[in-house]
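Here is a walk through one predicted model. Keep the structure open as you read.

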Amino acid sequence: MRRTKEDAEKTRLKIIEAALTLFSRNGYSNTTLAMIGTEAGFSRGPIYWHFKNKDDLFEAVLAYSQEPLEQLVAQARSAGLSPLERIDGFVRSWFALLVEDAWFRQSFEILLNKTELTEAMLTTLERERRLTQSMIETLEALVCAAQAQGQIPQGQTAGQLALMIYTQLMGVTQTWLFAPGLFDLNEQRGFFAERLLRSLQQS
């Protein structure tokens, strides 16, 4: 039984890997389950065993970018470090995921650049909007705490600075995924993180 479960999970991951490749290359609308099956080396039977339909598979693919970000939010909310250190950790971990986790990077790229925003995407988009709101609210709470401790000036509201952090992270992400030859994110991520933190301390 254990071997059967392991084999089933390997098949599921192989399907997701093929879907990541094809959604990234062709977009959602131009990728069929038959194409994914061919890429994975399976008929459509194993795909339907693991996923109800293409939308279900697409949600599983996008989970590879959503779940790590949900974990970042949970880590940022945990105690132990100062608010400013937790903001810094959030930013650096975001860049680390993009550089070091290929499935996270592909999944994020599919969401940003390869997804047509249609009715079929409603569930996925609602989850993404909730995640975005959760990240901004978490960053706002951290900025507010950092301001109360004198780590960040109170010239701007915590909400404004939280939005600045999030939009700068998304701006770097979108730019790099759209034009990866423009700069080496692995080389520049320390610079981006340091400049963002410094701008908070000088706000």
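Start where α7 meets α8. On the α7 side, the contact uses Thr132, Met135, Ile136, Leu139, Glu140, Val143, Cys144 and Gln147. On the α8 side, the partners are Ala158, Gly159, Leu161, Ala162, Leu163, Ile165 and Tyr166. Sorted by type, the residues of this contact are eleven nonpolar, three polar and one charged.

Now look at the geometry. Two packed helices are described by the angle between their axes and the distance between those axes. Helix α7 covers residues 122–148, and helix α8 covers residues 158–178. Their axes come within 8 Å and cross at roughly 125 degrees. The crossing of α7 past α8 is right-handed.

Turn next to the charged side chains. Side chains of opposite charge can pair when their charged atoms come close. The model has four salt bridges, counted with a cut-off of 4 Å between side-chain nitrogen and carboxyl oxygen. Three of them are followed below.

Take Glu70 and Arg127. They form a salt bridge, with the closest N and O atoms 3.3 Å apart. Glu70 sits in helix α4 (residues 54–77) and Arg127 in helix α7, so this pair ties together parts that are 57 residues apart in sequence. How exposed are the two ends? Glu70 has a relative accessible area of 32%, so it is partly exposed. Arg127, at 24% relative accessibility, also counts as partly exposed.

Is Asp88 buried or exposed? Its relative accessibility is 17%, and buried means under 20%, so Asp88 counts as buried. Arg92 is at 34% relative accessibility and counts as partly exposed.

The pair of Glu100 and Arg189 reaches across the chain. Their salt bridge brings the closest N and O atoms to 3.1 Å apart. Glu100 is in helix α5, and Arg189 is in helix α9 (residues 185–201). The pair links distant parts of the chain, 89 residues apart. Glu100 has 57% relative accessibility, so it counts as exposed. Arg189 is partly exposed, with a relative accessible area of 21%.

Methods. Residues numbered from 1 in each chain as written. Predicted model: local features only at pLDDT ≥ 70, side-chain atom pairs only at ≥ 80, totals over all residues. Heavy atoms only, no water. Axes fitted to C-alpha atoms, helices over the stretch in contact; angles between N-to-C directions. Helix = DSSP H or I, 4+ residues; strand = E, 2+ residues; numbered from the N terminus. Left-handed = near helix turned anticlockwise from the far one by under 90°. Contact = heavy atoms within 4.5 Å. Nonpolar A, V, L, I, M, F, W, Y, C, P; charged D, E, K, R; others polar. Buried < 20%, exposed > 50% of the residue type's maximum accessible area, 1.4 Å probe, protein only.
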